[in-house]
Amino acid sequence: MRGDFRDDGVWERLKHEIVSPTNEGFGAAVEFVEDRALIGLNEAAVAAAYPRAYPGRYRHPVVFVVDAVTVSVPEHPLLVVNLNEGVETGPFRALPRQIPGIENNLSIANMDFVEFARATDPDGVFRGF
C-alpha cells in the first residue's frame, strides 16, 4: 500500500525488490495499491485505518505500507499492519527483502504475525531470522 507520494523512484524500486524472488526462489503474492488517504498518517493512525477483519473482509492477513518513514530512511523499512481477527499484536517494520518471507509464511499459516513481530530488532525492524 503506497501512502507516501514524495518519491516515485523509491516506490518503483520497492515494488521491484518486493516481487523479486528470494535466494530460495520464493516471491511475494502482493497487490500494489496507492491510497492518498494515508498521506501524513503516523503508524498508529495507519493501523487504525485497517480493522482486524481477516479472513472475512480481506484477502491477505497483513498490509505492507510504504509511508513517510519507509521513503525517508535509507533501509526503507515498510510498516507491516496486522489484519488478523483476534490477534492484538501491533504493527512492526520490515526490510523490503523480508516481505516475501513474511507474506509466504503468513499465507500458508507456517508462522504467525506475532512470531515476526517478536523477531524485530530493538528499533522495531524485522531484518530476518
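**Asking how we know**

Guide: Let's start with Gly40, which sits in the loop between α1 and α2 (43–48); helices here are DSSP runs of H or I with at least four residues, strands are runs of E with at least two, and both are numbered from the N terminus. The model is predicted, so local features need pLDDT of at least 70 and side-chain atom pairs count only at pLDDT 80 or more, while totals for chains, interfaces and linings use all residues. Residues are numbered from 1 along each chain as its sequence is written, and side-chain values use heavy atoms, with hydrogens and water left out.

Visitor: Why is Gly40 called exposed?

Guide: Exposed means over 50% relative accessible area, buried means under 20%, and partly exposed is in between, using a 1.4 Å probe and protein chains only. Gly40 has 77%, so it is exposed.

Visitor: And what makes Thr70 buried?

Guide: Its relative accessible area is 0%, so Thr70 counts as buried. Thr70 belongs to helix α3 (residues 68–72).

Visitor: How do you know that Thr70 and Arg93 make a polar contact?

Guide: A polar contact is a pair of N or O atoms within 3.5 Å; within protein, one must be able to donate a hydrogen and the other to accept it, and residues adjacent in sequence count only if both atoms are side-chain atoms. The side chains of Thr70 and Arg93 are joined by a polar contact of 3.5 Å. Thr70 also has a side-chain polar contact with the side chain of Asp67, at 2.9 Å.

Visitor: Which residues are in contact with Thr70, leaving aside neighbours within four places in sequence?

Guide: Contact means heavy atoms within 4.5 Å. For Thr70 the list is Leu14, Val65, His76, Pro77, Leu78, Leu79 and Arg93.

Visitor: Why is helix α4 called largely enclosed?

Guide: Seven of the nine residues of α4 (residues 99–107) are buried, so the rest of the structure largely encloses this helix. Those buried are Ile99, Pro100, Ile102, Glu103, Asn104, Asn105 and Leu106. Their cover includes α1 (8–19), β1 (62–65), β2 (78–82), β3 (92–94), α5 (113–118) and β4 (125–126).

Visitor: What makes a set of residues a nonpolar core?

Guide: The members are buried Ala, Val, Leu, Ile, Met, Phe, Trp, Tyr and Cys residues joined through side-chain atoms within 4.5 Å. The largest core has 21 residues, of which Phe64, Leu78, Val80, Phe92, Ala94, Ile102 and Phe116 touch the most other members. At least two residues of this core come from each of α1, β1, β2, β3, α4 and α5, and α1 gives the most, with four. Apart from it lies another core of twelve residues, including Leu38 and Tyr50.

Visitor: What makes an open space a pocket?

Guide: On a 1 Å grid over the protein atoms alone, a pocket is an open set of points with protein on both sides within 12 Å along at least five of seven lines, and lining residues have an atom within 4 Å of a point. The largest pocket holds about 430 Å³ of space. Of its 23 lining residues, Glu31, His60, Val62, Val63 and Phe64 are the closest to its centre.

Visitor: How does the lining of the largest pocket divide?

Guide: Ala, Val, Leu, Ile, Met, Phe, Trp, Tyr, Cys and Pro count as nonpolar, Asp, Glu, Lys and Arg as charged, and the others, Gly among them, as polar. That gives 17 nonpolar, two polar and four charged residues. The second largest pocket has two nonpolar, seven polar and two charged.

Notes:
1 Å grid on protein atoms, 1.4 Å probe; cavity = no way out; pocket = protein on both sides within 12 Å on 5 of 7 lines; lining within 4 Å. Points joined across faces, edges and corners; volume = space filled by probe spheres on them.
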